[in-house]
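My entries are below, in the order I made them.

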Amino acid sequence: VACKSTGVDRAEKAANAMQAQHKALADAPDKINGVVTTLNGLAEPGVDMKKQWGLFNDAVAGLASHRSRIQNLGKEIESNRAGFMEEWQKRLDAITDEELRQRSSDRRDAVVQKFAELSADADAGKAAFEPWMETVTSLQAYLENDLNPSGVASVTDKIEEVSNGAAPINAAIQKVVDGLDAMAASIQAGKPPAPTDGTTAA
């Protein structure tokens with residue numbers, strides 16, 4: 001018989017999903033920078049363009065795959081958020097002490113606000129990333145049949161646009177990473193510190 005889920009369990013699931021998203025997002029800037037580096041490499045004098053093109057394509061494919069993972073983790077976070085808040089409301093309804101009920105309600109409202117702020121930051125990051133990624137894939141399609149020095153030279157402005165756009169996107173991602181850290185810490189049950197002497201914590 002399956003164990004009944006508790007508020008602590010729901011909080012743990014939500015926090016775990018946030019930690020997984022934290023790691024995925026923390027890895028994203030390296031992948032974004034990899035796209036920029038390999039794209040800029042195509043404009044280097046004397047570069048082996050075919051080899052560099054392969055590196056660029058690999059970097060774009062890796063970033064696209066990583067974006068899908070982040071999107072899936074985002075859906076998981078939203079599902080766990082909804083379950084966690086629903087469970088909190090049930091427990092809130094079971095509190096008969098008026099003062100404690102108000103305190104719990106206030107804390108729930110604060111968590112709801114934090115979730116809303118985190119969601120807004122995530123939406124801002126997505127709004128910056130998606131047009132940038134579209135430019136990257138458009139450049140990829142453009143150069144597919146025009147991979148030569150003059151072809152690359154004809155899109156120097158777009159390559160520069162991609163290069164300059166990476167830093168603001170990475171900054172937006174870092175803001176979400178920081179928010180995930182704070183959010184997970186605020187809802188997850190405390191745990192003893194990891195042992196440092198090679199023993200296993202009880």
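**Entry 1: the model.** I am working with a predicted model. I keep that in mind throughout.

**Entry 2: helix α5.** I looked up its extent first. Helix α5 covers residues 156-187, which is 32 residues. From first C-alpha to last, α5 reaches 47 Å. Where does α5 have a kink? I found the kink at A166, and it is about 30°. The proline P168 follows shortly after A166.

**Entry 3: α3 against α5.** Next I took helix α3, residues 98-144, and its packing with α5. I noted an angle of about 160° and axes 9 Å apart. Angles over 145 degrees count as roughly antiparallel, so I logged α3 and α5 as roughly antiparallel to each other. The crossing of α3 and α5 is left-handed. I then sorted the residues of this contact by class: 18 are nonpolar, five polar and five charged.

**Entry 4: α2 against α3.** I repeated the steps for helix α2, residues 49-93. It packs with α3 at an angle of about 165°, and the axes are 11 Å apart. α2 and α3 are therefore also roughly antiparallel. The contact of α2 with α3 holds 17 nonpolar, seven polar and seven charged residues.

**Entry 5: aromatic pairs.** How many aromatic pairs does the whole structure have? My search gave three. One of them joins F129 and W132. Their ring centres are 5.9 Å apart, with 40° between the planes, and I noted the pair as tilted. Both F129 and W132 lie in α3. They are three residues apart, about one turn of the helix.

Key. Residues numbered from 1 in each chain as written. Predicted model: local features only at pLDDT ≥ 70, side-chain atom pairs only at ≥ 80, totals over all residues. Heavy atoms only, no water. Helix = DSSP H or I, 4+ residues; strand = E, 2+ residues; numbered from the N terminus. Expected span 1.5 Å × (residues − 1). Bend = angle between axes of the 7 residues up to and from the residue. Axes fitted to C-alpha atoms, helices over the stretch in contact; angles between N-to-C directions. Parallel < 35°, antiparallel > 145°, perpendicular 65-115°, else oblique. Left-handed = near helix turned anticlockwise from the far one by under 90°. Nonpolar A, V, L, I, M, F, W, Y, C, P; charged D, E, K, R; others polar. Phe/Tyr/Trp six-rings, centres within 6.5 Å; stacked < 30°, edge-to-face > 60°.
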